[in-house]
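Please keep the structure open while reading.

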Amino acid sequence: MRASQSCMSASEAARRLGVSVKALRLYERQGLVNPGRSEAGYRMYAAADMARAAKVAALRGLGLSLAQVAGVLDGDPASLQAALAAHDAALAGDIQALAGKLDKVRSIQADLAQGQMPSGAALAGLLGRPTDIRAAFALPWPWGGEWFELRDVRPLNYLIGSLGSGKTRLAQRLAQALPNAAFLGVDRLDDGCAAAKAQLAADAALQARVEEALTWLVGEGATRSDALVALLASLLADGPDVWVVDMVEQGLDHATQQALMSHLRHRARHAGPPLFLMTRSTAILDLAAVGPDEAILLCPANHSPPRRVAPYPGAPGYEAVAMCLASPEVRERIARHSPDHP
């Protein structure tokens, strides 16, 4: 037990570190931090605990798995070297993009000096925003053909809905309407994931990327399985710019789903292509963990048009989203007794 007056509670420590309390609990379960306890039994973070937790959070921000973080804390530099190399490449890309913007600014300044006003497109180019990915189409059955527009596509987009809400049909229609998109169905698991295995056998570079991702995921607590390999084989293959994934949790246990989401969030932070994840699992869509790079699209049970839902209690549609979700264990029991597709 440590002197409480010099320590922080878990919630205060999380705020100072910019992480969630859940993340701190995860660090503790993995033995990465070991906070003391107050007389009442509450976790208390002293200065040394905060310094170690800050290092863990920074390493996680660089994309290290829990196992890799543990190795770095134990003095193994290999994982940190690889992460820093990736970060170096990302920063170099940012510098190149900034240099391009600077050239555009100077070009516009030179034109202004000659009395030439810039075009709207030239000014918009200074913002450095990519062309918005969007889709517009008439909604399929069970909707009444209402016109639907999807704008502001985020790196991670969740498709949620109760049984019979039409979410699978919406997912398939999105894959048709979004530019260079593809639908990844649960048939990826057919015949023991034979299609993915054949794909990997024919593509050594893809197999290497999948093995690298698997190593990271296993270090994060995932269990290697055919279902996980099949999912990664599609997501990491050269091809579509956007994937729409049907029941992403299918065949994955609780720990693997959590590890997968850590991987996908890191991917999103590093400008990975957008993903649409159809799910009903709380491990895939943890409402308390949804960040600015993520969006929720709800298919209401009454077949009113799909709508965006903000991830905080009290927001319109929030309770409906929460009611569609269940733990991976419950989802597995449901999946054994009834298909999750209309």
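Which residue in strand 8 does phenylalanine 183 stand opposite? In this predicted model, the residue facing phenylalanine 183 is valine 244.

## Sheet

Strand 7 pairs with strand 8 (residues 242–245) in the parallel sense, over four bridges. Both belong to an open sheet of six strands, ordered 7-8-9-6-10-11, with mixed pairing. Strand 7 (181–184) and strand 11 (307–309) are at the edges and have a single partner strand each, so one side of each is left without a neighbour in the sheet. From one strand to the next, the twist averages 25°.

## Helices on the sheet

## Helix 8 against helix 10

Helix 10 (residues 226–235) has a further contact, with helix 8 (residues 190–201). Their axes come within 9 Å and cross at roughly 50°, which means that helix 8 is oblique to helix 10. The crossing is left-handed.

On the helix 8 side, the contact is made by Gly192, Cys193, Ala196, Lys197, Gln199 and Leu200. They meet Asp226, Ala227, Val229, Ala230 and Ala233 of helix 10. By class, this contact consists of seven nonpolar, two polar and two charged residues.

Conventions. Residues numbered from 1 in each chain as written. Predicted model: local features only at pLDDT ≥ 70, side-chain atom pairs only at ≥ 80, totals over all residues. Heavy atoms only, no water. Axes fitted to C-alpha atoms, helices over the stretch in contact; angles between N-to-C directions. Helix = DSSP H or I, 4+ residues; strand = E, 2+ residues; numbered from the N terminus. Parallel < 35°, antiparallel > 145°, perpendicular 65-115°, else oblique. Left-handed = near helix turned anticlockwise from the far one by under 90°. Contact = heavy atoms within 4.5 Å. Nonpolar A, V, L, I, M, F, W, Y, C, P; charged D, E, K, R; others polar. Pairing = 2+ DSSP bridges.
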